[in-house]
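Student: Please take me slowly through one part of this model, the contact between its two chains.

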2 protein chains.
Amino acid sequence: MNIGEAAAKSGLSRKMIRYYENYGLLPQAQRSDNGYRHYQASDLRRLRFIHRARELGFSLDEVSRLLALWDDQARASAEVKQLAKTHIVELEQRITELQQLKASLEQLTHCCHGDERPECPILDALAGNDNAVQP
Amino acid sequence: MNIGEAAAKSGLSRKMIRYYENYGLLPQAQRSDNGYRHYQASDLRRLRFIHRARELGFSLDEVSRLLALWDDQARASAEVKQLAKTHIVELEQRITELQQLKASLEQLTHCCHGDERPECPILDALAGNDNAVQP
DNA sequence: CTTGACCTTGCCGTAAGGTTAAGCTTGAAA
DNA sequence: TTTCAAGCTTAACCTTACGGCAAGGTCAAG
């Protein structure tokens with residue numbers, strides 16, 4: 001099958017497939033006489049694997065390591081689990097950060113009348129006026 | 001003061017200050033005879049405002065709008081509040097996404113022995129084997 | 001005189017592609 | 001047969017928000 005069909009069946013875009021090939025996640029695709037990339041079922045499995053890993057939020061670098069482990073029949077599952085756990089910790093940190101930002105913003109918006117008057121504790125706080133926020 | 005001191009006092013980097021000037025968040029800085037940028041206390045207030053807004057996760061585009069509102073003595077606080085609320089919603093969506101990813105990954109890692117054996121439900125799930133996860 | 005800190009502009013690189021552009025091939029309709 | 005659209009190719013530029021580095025100008029101290 002050509003790249004368009006492979007894209008449709010894997011959930012990736014044509015551009016992403018070429019990008020991943022260039023990035024090194026995929027081997028150089030076979031080419032037909034006309035120069036078109038040509039894919040088989042085994043290639044499709046790899047594409048789908050990448051698609052699912054990306055959906056779970058793994059970076060391309062992490063996907064690359066997952067693929068290496070996938071290719072290695074003898075690898076220990078502990079390695080994969082460790083990679084996943086590391087990723088979970090990163091997600092947790094990011095979530096905590098965003099929650100803190102959200103809490104700060106909510107406190108500020110809570111203090112703001114939000115009417116046609118110009119007084120605005122949000123801008124005051126950004127400007128450095130600590131009296132802007134009254135709990 | 002020169003750009004280095006302004007950077008130290010505002011919490012931004014020299015590079016960021018030049019970038020923001022170019023981006024349009026700051027007016028063209030005054031220059032000394034030697035061509036160095038020259039800042040005053042009023043400039044510092046603007047730099048600090050930007051710094052705080054960035055810490056709260058606003059994009060440069062949003063910061064630009066906040067600055068415009070800040071500069072406008074007659075603006076209604078409702079506009080600022082709306083901008084903040086929109087940002088809160090974006091944060092909420094991002095947090096929810098990350099939490100779902102985390103939950104999926106936790107379920108997978110929970111099912112994985114994580115020892116020296118090669119069987120690994122995480123890789124199986126990425127490969128598309130739905131039997132990998134047993135709740 | 002030299003050294004080192006600070007300043008200038010400007011280009012390259014990042015993640016993860018999206019979006020054209022210019023030019024092939026292929027298949028089907030007119 | 002011609003022509004049209006769809007699909008393919010590579011290449012290059014756009015995004016965010018800067019960091020890093022190059023090559024060079026400026027300034028104060030030893």
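Tutor: A salt bridge here is a side-chain nitrogen of Lys or Arg within 4 Å of a carboxyl oxygen of Asp or Glu. The model is predicted, so local features need pLDDT of at least 70 and side-chain atom pairs count only at pLDDT 80 or more, while totals for chains, interfaces and linings use all residues, and side-chain values use heavy atoms, with hydrogens and water left out. Residues are numbered from 1 along each chain as its sequence is written, and chains are lettered from A, ligands being numbered from 1, in the order in which they are written.

By that definition, two salt bridges are counted between chain A and chain B. A:Lys102 forms a salt bridge with B:Glu92, and their closest N and O atoms are 3.7 Å apart. For comparison, a search of the whole structure finds 16 salt bridges over all chains. Within chain A, A:Arg65 and A:Asp61 also form a salt bridge, with the closest N and O atoms 2.9 Å apart; because these two residues are four apart in helix 4 of chain A, about one helical turn separates A:Arg65 from A:Asp61.

Back at the contact (heavy atoms within 4.5 Å), chain A contributes 50 residues and chain B contributes 50 residues. Between them the chains bury about 4200 Å², and 75% of that lies on carbon and sulfur atoms; buried area is the accessible area (1.4 Å probe) that two parts lose on being put together, summed over both. Of the area that chain A buries against chain B, A:Leu105, A:Leu123 and A:Leu126 supply 17%, more than any other three residues.

There are also 16 residue pairs in polar contact between chain A and chain B, both residues being at pLDDT 80 or more. The side of chain A that touches chain B takes two or more residues from each of helix 3 (41–55), helix 4 (60–71), helix 5 and helix 6 of chain A, and its largest share, 21 residues, comes from helix 5 of chain A. By class, that side of chain A has 26 nonpolar, ten polar and 14 charged residues.

Key. A polar contact is a pair of N or O atoms within 3.5 Å; within protein, one must be able to donate a hydrogen and the other to accept it, and residues adjacent in sequence count only if both atoms are side-chain atoms. Ala, Val, Leu, Ile, Met, Phe, Trp, Tyr, Cys and Pro count as nonpolar, Asp, Glu, Lys and Arg as charged, and the others, Gly among them, as polar.
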